[in-house]
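I opened the model today to look up a few helices, their packing and some backbone angles. My notes follow in the order in which I checked things.

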Amino acid sequence: METVLSGIRSTGNLHLGNYFGAIKNFIKMQHEHRCYFFIADYHSLTTHPTPEDLHQNVKQVLVEYLAAGIDPEVATLYIQSDVPEVAELYLLLNMNAYMGELERCTTFKDKARKQSDNINAGLLTYPVLMAADILIHRATKVPVGKDQEQHLEMARTFGKRFNRMYNNEYFPEPYAFNFGVDLIKIPGLDGSTKMGKSEGEGNAVFLADDPKTIQKKIMRAVTDSGPTEKNQPKPQAIENIFNIMQVVSTQDTLNYFEDKYNSCEIRYGDMKKQLAEDVIAFTAPLREKILEIGADDVYLSKVARMGAEKARESAAKTVKEVREIIGFKPF
Ligand code: TRP
C-alpha cells in the first residue's frame with residue numbers, strides 16, 4: 001500500500017474526459033492505496049479570485065468529486081486551506097528553495113506572461129506549496145498530467161535537499177503516476193484529440209450539463225460531408241465521435257454506425273442524435289447526484305470536517321517531526 005496524493009485545481013467543472021480519465025482511476029485506487037485527494041484552494045489565490053468565486057469553485061469541485069464516486073469514508077478528501085499545517089511546511093520549504101530554480105520553472109514563466117500585471121510571490125513559489133502538499137503526507141505516488149512533471153521534479157528536489165541538509169531520509173521521493181493503459185482518452189467535440197475546457201466552448205460535455213445543453217453541443221460537433229469510398233479510414237473528427245460513442249453507447253449501436261460508415265450510408269445527424277441520447281442517459285444519474293449533493297450543506301460540511309480531521313492528523317505529525325529535525329525545541 002502506497003500513499004497517493006492528488007491535488008485538484010479548484011476551478012473547472014468535471015467533463016466526460018476527466019470522468020473516464022483520472023476520476024475512474026481515483027475511484028478504483030481509493031480501495032487499493034492510502035489516498036489523499038484535496039482541492040487546491042490556496043493555490044488558486046495566485047490568480048486572485050473574489051471571495052464568492054473562491055467558495056463556489058471549491059464547493060463545485062467537492063460536490064462533483066463526491067457525485068463521481070470518491071468515497072470520503074475510504075479516501076481522505078479535503079480542502080487544502082482546512083489544513084494550515086501545509087502553510088507551515090510551505091514556509092519551511094521556502095527557506096531551501098532558490099530564486100533561480102523557481103524563476104526557471106516553465107509554468108511560472110507562462111503565468112508571468114499571461115498575467116503580467118500580477119506576478120505575485122505566490123506564483124513564483126507555487127511549486128514550493130505543491131511540494132508541501134505532497135511531502136506533508138510523505139506521498140510517493142502523485143497522479144498528474146505531463147504539464148505537472150516539472151513541479152513534481154521540484155518536489156523531489158526540495159524533499160531531497162531537506163534530507164541532505166539535515167542528514168536523514170525523512171522525505172520519500174514522490175513520482176508521477178500515470179494510469180497507463182487504464183487511462184481512457186476522450187476526444188473533443190471540435191475535432192481536437194482532447195476533451196478539455198481550455199479548448200473552447202462546445203468542445204467538452206460537463207457532467208453537470210443539462211440534457212438540452214448536451215444535445216446542442218453534440219449536434220454541433222464537428223463532422224464532414226461523409227465517406228466517399230467504402231471502408232475508408234476515418235478523419236480525426238469522425239474518429240472522435242465514434243470514440244465517444246464507444247464509451248457511452250451499446251456495442252450494437254456502435255456496430256450499426258460502423259457498418260453505415262463503412263458502406264458510405266452514414267448520416268452524421270442520426271449518429272449525433274443517438275450519441276446525444278446515450279451521453280444524456282450516461283450523465284443523467286451523475287448530474288442528479290451533483291444537484292442532490294450540492295443542495296445538502298449539512299452533508300458537505302460533514303465531509304469537509306471529516307477530511308480535514310484525517311488530513312490534519314497526518315500533516316501535524318509531519319510538521320512536528322520536521323520542526324524537530326530542523327532544530328526547533330520547546331522551552
Ligand atoms: N498544480 C496542480 C494542477 O495545476 C494542482 C496541485 C496543487 C497538485 N498541489 C498539488 C497536484 C499536489 C498534485 C499534487 O493541476
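Predicted model: local features only at pLDDT ≥ 70, side-chain atom pairs only at ≥ 80, totals over all residues.

Residues are numbered from 1 along each chain as its sequence is written, and side-chain values use heavy atoms, with hydrogens and water left out.

**Entry on E258**

I looked up E258, which lies in helix α12, residues 251–262; helices (H or I, at least four residues) and strands (E, at least two) are DSSP runs numbered from the N terminus. E258 counts as partly exposed because its relative accessibility is 25%. Taking contact as heavy atoms within 4.5 Å, I found that E258 touches K234 and F242, once its neighbours within four places in sequence are left aside. The side chains of E258 and K234 are joined by a polar contact of 3.0 Å, where a polar contact is a pair of N or O atoms within 3.5 Å, one able, within protein, to donate a hydrogen and the other to accept it, and residues adjacent in sequence count only if both atoms are side-chain atoms. I also noted that N231 is 27 residues from E258 in sequence, with 9.3 Å between their C-alpha atoms.

**Entry on the packing of α13**

How do α11 and α13 cross? The axes of α11 (residues 236–248) and α13 (residues 268–294) come within 10 Å and cross at roughly 35°, the axes being lines fitted to C-alpha atoms over the stretch in contact, with angles from 0 to 180 degrees between N-to-C directions. The residues in contact include I238, I241 and F242 of α11 and Y268, M271 and Q274 of α13.

I then took α10 (residues 211–219), whose axis comes within 9 Å of that of α13 and crosses it at roughly 145°. P211, I214, Q215, I218 and M219 of α10 meet residues of α13, among them G269, K272 and L275.

**Entry on α3**

Helix α3 has 18 residues, 51–68, and should span 26 Å at 1.5 Å a residue, which agrees with the 26 Å between its end C-alpha atoms; the expected span is 1.5 Å times one less than the number of residues. Its buried residues are V58, V61, L62, V63, E64, Y65, L66, A67 and A68. After α3 comes G69, whose phi is positive, near 125°.

Most residues other than glycine have a negative phi. I therefore noted R138, which is not a glycine but has a positive phi of about 50°, with in mind. R138 sits in the loop between α8 (126–135) and β4 (141–142), and R138 is partly exposed at a relative accessible area of 29%. N167, also not a glycine, has a positive phi of about 55°; N167 lies in the loop between α9 (149–165) and β5 (175–176) and is exposed, at 70%.

Is T318 buried or exposed? T318, found in helix α14 (residues 297–326), counts as buried at 3% relative accessibility. T318 touches L135, I136, R138, Y170 and F171, not counting residues up to four places away in sequence.

Terms used:
Buried < 20%, exposed > 50% of the residue type's maximum accessible area, 1.4 Å probe, protein only.
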